[in-house]
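Subject: Structure handover

Hello,

Please load it before you read on.

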Amino acid sequence: MFSKVRNALYNAVGGVEALPAVADGEDQSRTRVPKFPYARPHFLLFQQDEVQVSADHQIRPIIVPRDISKIPWLSGYAETVNAGKSTWNEDQACVQQRILVRESEKHIQGAGMPYTYFALFDGHAGYGAAVAAANQLHNIVHKKLMDVIDHVLPPLELGNNGVHGHMEASTHRGMALWFPEKALPVDAFITGALELAFNEMDAQIGEDKKKYVMKGGCTCVVALFIAGKLYVANAGDSRAVRCSLGKPYPMSNDFTPSTERRRLQQLAAHKPELLSDNFTHLEYNPRPGRALMGRKILYRDVFMTGWAYKTCAPEDLRTPVVTGEGKRSRLLATIGVTRGLGDHELRSIIHNTPIKPFLSSHAEVKIYNIEAQKINESDVLVMGTDGLWDVTSNERTAEIVQHSLQNFPFGDKANAKYRFTSAAQDLVMHSRGKPEGHNWQTTGGAPGTIDDISVFVIPLTPYKSEWEAWKQKNEELRQIKSAKLPTSSIITSEEPRTDMDLQFPADSLPTGNQTTGPSDRTTTPLQNGTSSSSIPIEVFVSQPDVANALDLRLAEISLDAEEVLAPEPEDTIVSNGESSAATGDNADPTSPNYCER
Amino acid sequence: MSYAYLFKYIIIGDTGVGKSCLLLQFTDKRFQPVHDLTIGVEFGARMITIDGKQIKLQIWDTAGQEAFRSITRSYYRGAAGALLVYDITRRETFNHLTTWLEDARQHSNSNMVIMLIGNKSDLETRREVKKEEGEAFAHEHGLIFMETSAKTAANVEEAFINTAKEIYEKIQEGVFDINNEANGIKIGPQHSPTNASLPSSGQGAGQGGGCC
């Protein structure tokens, strides 16, 4: 509806807007601005106007992407804003399709391994951390995956450069050699990359909170489709559930004070200084009041699963580290989620005790081997923030999805593309319910959630087909490499560049990290001279042997991948404090400078 | 740009009658022959002038498909105007008007101005619903009526603007309580939109104040 130009103009105008004058704040706040402007997920293509409208707390419109092809595999997405507990929808989402490829093979079509990333972030106490994670986490994940690329995707020519000398480059040059000797499985490295990325994202937010306005914290759930499998990494109380034939199969655990009680109590017991005498690591049944002083009370310590009696002493009147049960449980009487990102500044609403030491950014990673499973068009992964799950159970979710998919059957060519979007919308609708007076009510008359809700419904078969096609082509590519075809058919970076080389079609196709900025691309030798995009595609077709050797089909995948990528003016990969500060500063000129307060 | 009032519209009617195309023609002045199915709701906005006053129309374009009907119903609330659209080349879309109207009356505020629109007036040769029939239906139910073409843009401006005029008149007559946002009318912000811009502005466009 609104042109991109208008958007750019708006941003430009927003960008020159003067920083708000600070009359009462400390000096530092005068210069602090958000690192990332508030926005809705990139694939919604929202203009400012639409961001405003989508935050209508009375109507709570259920938002779906207007161009559903912006999400890979026609996956569904739907969201709705809360009923007024915060001005903005504090959930965020991100989708990326990228290619894992080493620098030296970037120019070889099909050498890189495509992967797809979905993420949901449920912000609290401000939207800053969630927005930051939605803008950056995928870059950190990519960097961590690149660090272990030798274990995920061995080089086409093994043992060539010494780095991979420890691998046996003898018999096969295929999948069998993807594991080095004394190998850890690929799973271990991808899991490690995800765990490390969460940790680094949290540290990054901690650093940025000192330099920018970046409030609050967020939960984080990531679904990574790579190497033939689905990896779900979760920290917080968002949830991922695989649904098949109307049945749910959880792919994550919730991390709340209730489910992490043991960890929290143990930490409190081992580091009592964190409690500063305001809280106790003991658990009571029931929690004693002043009237019970000197009387027998039921309690248990961290090393106990059973219960015992003690005499109530003054220190037993302190607030337990974990209070309440289930969804209502609270850590240090304040927060209901115990893993996630951010919250560095968070303090207990009683006693002002710092809470961050008790929070964890550790991702729990669960793996589903898509390649090895028999799945069909109704197999999906549902990822949702807790707004969904507070009202809609896993079982009900699987039923709703099945019902929605039947409304838009796979065989209905005209409408099948809406099936997952419709399922996502139905799930949000079920948890939000309808307005009844000042409340929200589900169809069954039960209360709807007043929280933000965001949901992905991701079909699993498209990745399976994509992976199998890629794997076959990559295998062929490896065979060609090992058969030592004439150098004219395969370019390696070591070869001097000639005009003949320019005829090689792979140059004209996007490879590698699709969101890498132009400045990064110029560092590859192939970018010298002629613009690669000007190479006519006919040249490709006129060389049948090369055409066979390389992968037309993957070319399509790569091009598709580029289309769905979010425009990113800066590559915000963060390696250390220095560079992150630099990228952060560079990223700012395009964003409206406004003050969060 | 600052405005004196913001009016909230909703566009309803059967699937394929051209709701999204009407919106696109009005906001972007272009026609898109093949339009994706609307799932849920989409938004558009445009500034118009009535009686020398800047009025911002915020238009909610809904899904016409039966499968989404219950979701569409939740958007009637808080709309000051509704465009109820049928397709003059498809009789059944006209026959369903009663159902749509019942839905609208039941879920909206009673003062909502409803404009009945017979769309696709450019397809005269395929016409199945006479203009007189549309007029009669509108008269019977107290609606304003127009035939439009989202393709040629005929009457599209008029449809949106006449609805706004009707709402504006009702405000002048004191029928609408403009301080109750549930009526789909907001008084414009006192300041330039930089103040109303994201996200420093709390609840969005300003309360109170107003330029009128």
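Below are notes on salt bridges and on helix packing.

First, a caveat: this is a predicted model.

**Salt bridges**

Over all chains, the structure holds 40 salt bridges. A few are worth a look in your viewer.

Start with A:Glu79 and A:Arg40. Their closest N and O atoms are 2.9 Å apart, and the two form a salt bridge. A:Glu79 sits in strand β1 (residues 76–80) of chain A, and A:Arg40 sits in the loop between α2 (27–31) and α3 (48–54) of chain A, so this pair ties together parts 39 residues apart in sequence. Both A:Glu79 and A:Arg40 are buried.

Next, A:Asp202 and A:Lys356. Here the N to O distance is 2.8 Å, again in a salt bridge. A:Asp202 belongs to helix α6 (residues 186–211) of chain A, while A:Lys356 is in the loop between β16 (341–342) and β17 (364–368) of chain A; the pair therefore ties together parts that are 154 residues apart in sequence. Are the two partners buried or exposed? A:Asp202 has 10% relative accessibility, which is under the 20% cut-off, so A:Asp202 counts as buried. A:Lys356 has 15%, so A:Lys356 counts as buried too.

Then there is A:Arg102 with A:Glu105. Their side chains meet in a salt bridge at 3.4 Å, N to O. A:Arg102 is buried, with a relative accessible area of 9%. A:Glu105 is buried as well, at 7% relative accessibility.

What surrounds A:Glu105? This residue is found in the loop between β2 (91–100) and β3 (113–124) of chain A. Neighbours within four places in sequence aside, A:Glu105 is in contact with A:Ala111, A:Pro155, A:Leu156 and A:Glu157.

Not every case is a lone pair. A:Asp237, A:Lys327, A:Asp386 and A:Asp390 are linked in a network of salt bridges.

**Helix packing**

Two helix pairs are described here.

The crossing of α4(A) past α6(A) is right-handed. On the α4(A) side, the residues that meet α6(A) include A:Ala129, A:Ala132, A:Ala133 and A:Leu137. On the α6(A) side, among them are A:Ala193, A:Leu194, A:Ala197 and A:Met201. By class, this contact has 15 nonpolar, two polar and three charged residues. Helix α6 also carries A:Asp202, the partner of A:Lys356.

The second pair is helix α9 (residues 394–407) of chain A and helix α10 (residues 419–432) of chain A. Their packing angle is about 140°, with the axes 9 Å apart. That makes α9(A) oblique to α10(A). Their crossing is right-handed. From α9(A), the contact is made by A:Arg396, A:Thr397, A:Ile400, A:Val401, A:Ser404 and A:Leu405. From α10(A), the residues are A:Arg419, A:Phe420, A:Ser422, A:Ala423, A:Asp426, A:Leu427 and A:His430. By class, the α9(A) contact with α10(A) has six nonpolar, four polar and three charged residues.

Best regards

Definitions and conventions:
Residues are numbered from 1 along each chain as its sequence is written. Chains are lettered from A and ligands numbered from 1 in the order in which they are written. This is a predicted model: local features need pLDDT of at least 70, side-chain atom pairs count only at pLDDT 80 or more; totals for chains, interfaces and linings use all residues. Side-chain values use heavy atoms; hydrogens and water are left out. A salt bridge is a side-chain nitrogen of Lys or Arg within 4 Å of a carboxyl oxygen of Asp or Glu. Helices (H or I, at least four residues) and strands (E, at least two) are DSSP runs, numbered from the N terminus. Buried means under 20% relative accessible area, exposed over 50%, partly exposed in between (1.4 Å probe, protein chains only). Axes are lines fitted to C-alpha atoms, for helices over the stretch in contact, and angles run from 0 to 180 degrees between N-to-C directions. Angles under 35 degrees count as roughly parallel, over 145 as roughly antiparallel, 65 to 115 as roughly perpendicular and the rest as oblique. A crossing is left-handed if the near helix is turned anticlockwise from the far one by less than a right angle, and right-handed if clockwise. Contact means heavy atoms within 4.5 Å. Ala, Val, Leu, Ile, Met, Phe, Trp, Tyr, Cys and Pro count as nonpolar, Asp, Glu, Lys and Arg as charged, and the others, Gly among them, as polar.
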